[in-house]
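Dear colleague,

Please find the structure below, together with its sequence. My notes on it follow directly after.

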Amino acid sequence: MTTKVGIPRALLYYYYYPMWKDFFQTLGCEVVVSDKTNKSILSDGSKNCVDEACLPVKLAFGHVINLANKNVDYIFIPRLVSMAKQEYICPKFLGFPDMVKHNVENLPEIIDTTINMRLKTSEISNAYKQVGRKFTGNRFKIWQAYRKGQKSVQRLNELLLSGYMPEEAFAVMYGKEKDKLSSGGDINIAIICHPYIIHDSYISMNLIGRLEKMGANVVTADNLPEELVRQQATKLPKRLFWTLGQRMVGAGYTFVNDNNVDGVINLAAFACGPDSMTSELIDRTTKKTRKAPLLNLTLDEHTGEAGIVTRLEAFIDMVRWKKSKQLPGVALVN
Amino acid sequence: MKVTFPHMGNLYICVKGMLEYLGIEVTMPPKTSKRTLTLGSKYGPEFACMPLKLNLGNFIEASELGAETIMMAGGCGPCRFGYYAQVEHSILQDLGYDYDIVVLEPPDKSITELTSRVRQITGKKSWWKVIQSIRYGYLKSRAVDTVELLSFKTRPRELLTGETDRALNQALKEIDRAQTVEELKLAEARGSEMMQDVAVDSNRRVIKIALIGEIFTLLEPFANLNIERHLGRLGVEVDRSIYLSEWINDHLFMGLLKGIRSTKEYCRNASPYLNHFVGGHGLETVGSVPVYAKQGYDGVIQLFPFTCMPEIVAESLLPKVSAAYNIPLMTLITDEHTGEAGMITRLEAFVDLLERKQYQNYQGARSQELEVRMS
Ligand code: SF4
Ligand code: SF4
């Protein structure tokens, strides 16, 4: 019987799923992904996690529980300390595997290898070697699996750059049916948000889908090239040490001054530490100069859908109106 | 150039001492108050952690008194503290406060970044003098720690309510006033004497509680709603998992001073519950519980401001640690709306629980003793 490795559809799944999938499959494992977020996944997560945690962490708990119920042999939740030199993801990522292990009952074995590229980028291959040794003694095979995974991530990044959202890109990569990139809208809306919120249509209240329905073409921070966001983020007074935060600020700076972008939405998570700082920075530092209007939204477990929708509609109306008048930058802050 | 810096409990005594030692003019913000918080909440990001808001309020209030340059600590992540200065500065600029800001933090590229920043404050003073001043500031923090530790012991045992705090204020004033190393030594000795002079009932049975958690909330009485005082009056002897001198060494001197009480022991004890550093003092918080349990403490209280990331990680692990070491735990999360009265009620209930537990243990031990004797 093949070994089953579970991957939660949460956190950095949206950036690394192809890496993980191809790595484990090359090693001969079966990869099982948790179900798409639904009400019970979210409520299981909230029940087992401390109240004060942010929504994405609670949700990730729910996905781990979902996998545990699928009788997998392992769940892969690496300790993602740092994915870039001198940077971190977030304190909660640092503690996530421990939080899960000590709060969720009846778990299969957790693979929580540390990935820490803060000091040395080459650390990443060591981390995968360590994981691989659980499944085979064949060093060559592990190396092969790692290379394969890396190639898949490259492919993912190419697809993201050409405008696909992560789950769409996965569908393209793994040969499933996929609707064509839509581009028929009359306005272009850019979204700044953590990947694990915006690309989860359940907790983001299907923001992307809603916008598309309203006739907008949507891009997210994840569709921008790494070099560009990093270069934009150097406008900050000090290097930002959060990798995702850096992407958000860099994307924010890019979008608000892009003539092709008609409106920017910054979707922050309630109680998210980094967001409380990056939202403030994006808003403040672009207030006087930005060309596109900016809408700040905060999302939490109890956010009523109606409230968000109303604000969204008002914003889109304003964007359209402004576009038709070609008015110079009007700053919209809440 | 009038220099100011944010409040954090008695930190001002040390930093002011250090700067004045160098002949630098200091303009301190008024003691942190309701107004400070109101200002900070009004202008700060809604979901920022409380220390950021209080810092901001401090700076606004200090500016009203004529402060021109801010000196503060920084960091390189993963916690928000490392970006406080930049966000605060940007807010102040937007509000029209014309501050220069000097951040003391580990340099990104080379040590000259740091030295030139220090030079912005110290001007042409010799490095020798600067080092002397650092040592002096550090000695002040040690003196503060000494008298505070004594206050932990006397407060629950004082015969006259409020005597400890009166003595402590006096002792801190003396330490603050000292101008030279010699004077400081005298002040510390006198301060200790004052604390020991507080009339106490040394036979009183006290409950021992360790306060653990986020450093700013632990050290700033405004942020912790005077928890030490309230506990003391409920007959509780407290300890704090972090002292001022440790923070000074870690954050202002970047760990330059070696060999002082170190929180390494806490970090060692955090495993198997938390196996990695998580920023702030999250790891220390988790690891301090086994240490305090082994030292015979009756309970622990974790304190942190709403949305504090490292402490949320710790919070999710503490129930396990507390159960494993059979030491009761209470978590207090503070925000703008936390009221002192509500907190006191919770503290009373917790102390009550600990007293009953202590009594049961005592009874249990006695009945065992009787059984042994009878058999
Ligand atoms: S970055 Fe924000 S949303 Fe993500 S885990 Fe950290 S606190 Fe939660
Ligand atoms: S330790 Fe907590 S309170 Fe302090 S900066 Fe970090 S998140 Fe904020």
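Across the interface of chain B and chain A, the rule finds 12 residue pairs in polar contact, with both residues at pLDDT 80 or more. A polar contact is a pair of N or O atoms within 3.5 Å; within protein, one must be able to donate a hydrogen and the other to accept it, and residues adjacent in sequence count only if both atoms are side-chain atoms. On the side of chain B that touches chain A, the elements that give two or more residues are α4 (81-95) and α14 (309-324) of chain B. Helices here are DSSP runs (H or I, at least four residues), as are strands (E, at least two), numbered from the N terminus. By class, that side of chain B has 24 nonpolar, 10 polar and 6 charged residues; Ala, Val, Leu, Ile, Met, Phe, Trp, Tyr, Cys and Pro count as nonpolar, Asp, Glu, Lys and Arg as charged, and the others, Gly among them, as polar.

As to conventions, this is a predicted model, in which local features need pLDDT of at least 70 and side-chain atom pairs count only at pLDDT 80 or more, while totals for chains, interfaces and linings use all residues. Residues are numbered from 1 along each chain as its sequence is written, chains are lettered from A and ligands numbered from 1 in the order in which they are written, and side-chain values use heavy atoms, with hydrogens and water left out.

In total, 40 residues of chain B are in contact (heavy atoms within 4.5 Å) with 36 residues of chain A. The area buried between the two chains is about 3,400 Å², and carbon and sulfur atoms give 67% of that area; buried area is the accessible area (1.4 Å probe) that two parts lose on being put together, summed over both. There are 2 salt bridges between chain B and chain A, a salt bridge being a side-chain nitrogen of Lys or Arg within 4 Å of a carboxyl oxygen of Asp or Glu. One of them joins the side chains of Glu105(B) and Lys238(A) at 2.7 Å, N to O.

Within chain B, Glu228(B) lies in helix α10 (residues 227-233). Glu228(B) counts as buried because its relative accessibility is 12%; buried means under 20% relative accessible area, exposed over 50%, and partly exposed in between (1.4 Å probe, protein chains only). The side chains of Glu228(B) and Arg240(B) are joined by a polar contact of 2.9 Å.

In chain A, 14 of the 14 residues of α11(A) are buried.

Yours sincerely
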